[in-house]
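Trainee: I have a structure to go through with you. Can we start at the ligand?

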Amino acid sequence: MDKVAVIDFGGQYNQLIARRIRDLNVYAEIKPYDISPEDIISAGYKALVFTGGPMSVYLEDSPLCDPEILKLGLPILGICYGDQVLAQLDGGCITGAGASSEYGKTEIFTDHTDGPEDVLLAGVPESSIFWMSHTDYISELPEGFVKLAHTSVCPYAAMGDADRKLYGVQFHPEVTHSEYGETVFRNFLFKICGLKPDWKMDDFIENSIDKYRRELAGRKVLLALSGGVDSSVCAALLSKAIGNDLTCVFVDHGLLRKDEGDLVEDTFKGRFGMNFIRINAEDRFLEKLKGVTEPEQKRRIIGEEFIRTFEDAADMIGEAEVLAQGTIYPDVIESGKGSSAVIKSHHNVGGLPSVMKFDEIAEPLRDLFKDEVRAVGEKLGLPRALVWRQPFPGPGLAVRVIGEITKDKLDTLREADAIFREEIERGGLDKSPSQYFAVLTDLRSVGVKGDARTYGYTVALRAVMTDDFMTAKWADLPYEVLENASSRITNEVKNITRVVYDITSKPPATVEWE
Ligand code: XMP
């Protein structure tokens, strides 16, 4: 299998570069900028991509790679800062762009050379839009390079040296706003490097299983399973690799949705036959939450109680050498670059007791994006309900029961929520909302059921569309879906007299009510 190393100079789109390459069926992985030429050779990479980065190559502490890497004979594509690294190490000149800095969509003009280096931008029209974000530019090309493109202010928007197969672009082909970004990657990978597009997600799975079997078999590995997509896929993958050397601990805090705890147990203990410990901690969580109405206090109590539960179960769990985590790439960005040694304070499991010490952390999914993780989960045979589980807050239904939490209220909410989700699924919507759930408000109102007056709770339904959950638009659900949900909830769930639909976007509201 042909492999590409994406050499990381700290840019924000680095994983996206690896992702674009994998989308073209070539395996790509991120490596730090200080990787040695020997490691590059021994890993068998067929090509390198230098990423962007926030620094200026001419400043003293800026990351640069070993110049010997340029002499390995491997094709290299430098992107933005990576383009400037290539030029700097090879004797070019980089200067501050000043007023000529470019940000965002920028018109690029190709410069045909009629030489073999033209192939990098083959198929890119004379004028097209690419994403730019730079405050420096190459003012003088290194020897051997020729100009392949420019913008109205940037003299060398792309450069190439066909003999040495070294290429650089000032723009970001990995960003979707770049109209011909994929063309540039295709040209580089297939026409310049001659790679074969034969990588599949199955290869990732097989390679990971081999790797973790080699590294972890015979050692005790612990995974705190939340039932979320990431920890579930991580558990399934590691169980294929090391079987019962993996122990999964699932703390059921009693704040999960209807039947969710059982689904997790049936899947991992039943179907996968894993070494699976379920700790039923509903009583202790509800006891601690008694009388608490303030949302942040609920979150704190749940995080804390999670750790205490783990501590109390330490004997049952036993010592472990390795902690496995379902960290995925977006978590890596959130928690700071290259932080693999930091135990992720996983939202959904609330952190582990600090007394638990591990020699090592295993994070098999840390290079993958969410949709890639889901693809792995499907291939490993996880049930759809787990693989396509929507985001669910770590504190669970505690932040969806407004005000004081009781078991009755939780049960009421679970029923209403399950009906709403069923009706959305049954509604066959063209585009499913990104997240949808019911909230049990603490507002009671008068109703009439049969001939009798009732006085029950009001349930709010919430459904949002969003890409990143930073902003969200309330979902324009068909009336029929809302009507069916409302009538079923008021008919089938005791204690609910009224159903309302939340039509507030984020901002100003958050997705969750608490
Ligand atoms: P908000 O309510 O902040 O939610 O607009 C954005 C996304 O984050 C989820 N969320 C949480 N996830 N622990 C979590 O793991 C939490 O405390 C928490 N609060 C909100 C929410 O469900 C939505 O997907």
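Mentor: The model is predicted: local features need pLDDT of at least 70, side-chain atom pairs count only at pLDDT 80 or more, and totals for chains, interfaces and linings use all residues. Residues are numbered from 1 along each chain as its sequence is written, and side-chain values use heavy atoms, with hydrogens and water left out.

Trainee: How far is an oxygen atom of the ligand from an N or O atom in the side chain of K506?

Mentor: Take polar contacts, pairs of N or O atoms within 3.5 Å. A backbone N or O atom of G394 lies 3.1 Å from a ligand oxygen. For a polar backbone atom of V511, the distance is 2.7 Å. For the side chain of K506, it is 2.6 Å.

Trainee: What omega does the peptide bond from P507 to P508 have?

Mentor: Start one bond earlier. K506 and P507 are joined by a cis peptide bond, with omega about -15°. The bond from P507 to P508 is also cis. Its omega is near 10°.

Trainee: Where is K165 found?

Mentor: K165 is not a glycine, yet its phi is positive, near 55°. Strands here are DSSP runs of E, at least two residues, numbered from the N terminus. K165 sits in the loop between strand 10 (158-161) and strand 11 (166-169).

Terms used
Polar contact = N/O pair within 3.5 Å; in protein donor to acceptor, adjacent residues only side chain to side chain. Helix = DSSP H or I, 4+ residues; strand = E, 2+ residues; numbered from the N terminus.
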